[in-house]
Amino acid sequence: MKAKKFILAALAVLLCATCGFAQKPVVRGSAYDVFNPITKYIRLGDVEKLAAWFSDNLEITVFQATNDASKSQAKQILKSFFDTYTPRAFNIEHTAGRETMKYALGSMKAGGDVFRVTIFVNLEGSNYLIQQIKIEKRD
């Protein structure tokens, strides 16, 4: 009986430890899709959780203004964008790449407009991190 309670308690701790936190990704084999959580945070407009996926320095383009930014600068740029254009939907339309570098093309509906979003991630150690994010208004 004590063994069952111990196992149930251990499982509960593991489940609680992984729920609701913005965690940096860990490579989990070829089936792991790094863009699933990134998509979720863009869809929610959650800059705090999305920023956990940023490289220390990244390139961010909003409309036609491109910036080489630190993680905190990129966070502010995206926060400003999401404050003006609240995301209503975001879907990945295409992904490609190889194990160490991947990219995704997506479509975001926000603030009454539609945007094309391009995201590049690189494998740094055991974590995929966003190296570039580009948001362009679709015609």
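Author: Two strands pair if DSSP finds at least two bridges between them. Helices (H or I, at least four residues) and strands (E, at least two) are DSSP runs, numbered from the N terminus. This is a predicted model, where local features need pLDDT of at least 70, side-chain atom pairs count only at pLDDT 80 or more, and totals for chains, interfaces and linings use all residues. Residues are numbered from 1 along each chain as its sequence is written, and side-chain values use heavy atoms, with hydrogens and water left out.

Reader: What average pLDDT does the chain have?

Author: pLDDT is the predictor's confidence in each residue, from 0 to 100. The chain averages 84, and 77% of the residues score at least 70.

Reader: Over which residues does pLDDT stay under 50?

Author: Where pLDDT is low, the predicted coordinates should not be read in detail. That concerns residues 3-30, where pLDDT stays under 50. For this stretch the model has 26 contacts (heavy atoms within 4.5 Å) beyond four places in sequence.

Reader: In what order do the strands form the sheet?

Author: The 6 strands run β2-β1-β6-β5-β4-β3 in an open sheet, with mixed pairing. β2 (65-70) and β3 stand at the edges with a single partner strand each, so one side of each has no neighbour in the sheet. From one strand to the next, the twist averages 15°.

Reader: In which sense do β3 and β4 pair?

Author: The pairing of β3 and β4 is antiparallel, over 10 bridges.

Reader: How many residues lie between β4 and β5 in their hairpin?

Author: The β4-β5 hairpin has 2 residues between its strands. Glycine 111 sits in that turn, with a positive phi of about 55°. Now take β5 and β6, which run antiparallel and are joined by 10 bridges. Valine 121 stands opposite isoleucine 130 in β6. These two strands form a hairpin with 2 residues between them, and glycine 125 in the turn has a positive phi of about 65°.

Reader: Which residue other than glycine has a positive phi, near 60°?

Author: Phenylalanine 63 has that value. The residue belongs to the loop between β1 and β2. Its relative accessible area is 32%, so phenylalanine 63 counts as partly exposed. The scale: buried is under 20% relative accessible area, exposed is over 50%, and partly exposed is in between (1.4 Å probe, protein chains only).

Reader: Which residues does glutamine 131 contact beyond four places in sequence?

Author: Glutamine 131 lies in β6. Its contacts at that separation include Ser55, Asn57, Leu58, Phe120 and Val121.

Reader: Which residues of helix α2 are buried?

Author: An α-helix has 3.6 residues a turn, so residues three or four places apart point the same way. In α2 (residues 35-44), the buried ones are Phe35, Pro37, Ile38, Thr39, Tyr41 and Ile42. They pack against α3 (47-51), α4, β3 (87-98), β4 (101-110), β5 and β6 (127-137). Glycine 45 follows α2, with a positive phi near 65°.

Reader: Across which strands does α2 lie?

Author: Axes are lines fitted to C-alpha atoms, for helices over the stretch in contact, and angles run from 0 to 180 degrees between N-to-C directions. α2 lies across β3, β4, β5 and β6, at about 155° to β3. α4 lies across β1 (54-62), β2, β3, β4, β5 and β6, at about 35° to β1.

Reader: How many aromatic pairs are there?

Author: A pair of aromatic rings is described by the distance of the centres and the angle of the planes. Rings of Phe, Tyr and Trp (its six-membered ring) pair if their centres lie within 6.5 Å; planes under 30 degrees apart count as stacked, over 60 as edge-to-face and the rest as tilted. The count here is 8. Phenylalanine 81 and phenylalanine 115 have ring centres 5.2 Å apart and planes at 80°, so they are edge-to-face. Phenylalanine 81 is in α4 (residues 71-84) and phenylalanine 115 is in β5 (residues 113-124), 34 residues apart, so the pair links distant parts of the chain. Both residues are buried.

Reader: Which residues do ring pairs link into a cluster?

Author: The cluster holds Phe63, Phe81, Phe82, Tyr85 and Phe115.

Reader: Is serine 107 buried or exposed?

Author: Serine 107 is in β4. Its relative accessible area is 13%, so serine 107 is buried. Its side chain makes a polar contact with the side chain of arginine 138 (3.5 Å). Such a contact is a pair of N or O atoms within 3.5 Å; within protein, one must be able to donate a hydrogen and the other to accept it, and residues adjacent in sequence count only if both atoms are side-chain atoms. Leaving aside neighbours within four places in sequence, serine 107 is in contact with Ala89, Phe90, Asn91, Glu93, Val114, Phe115 and Arg138.
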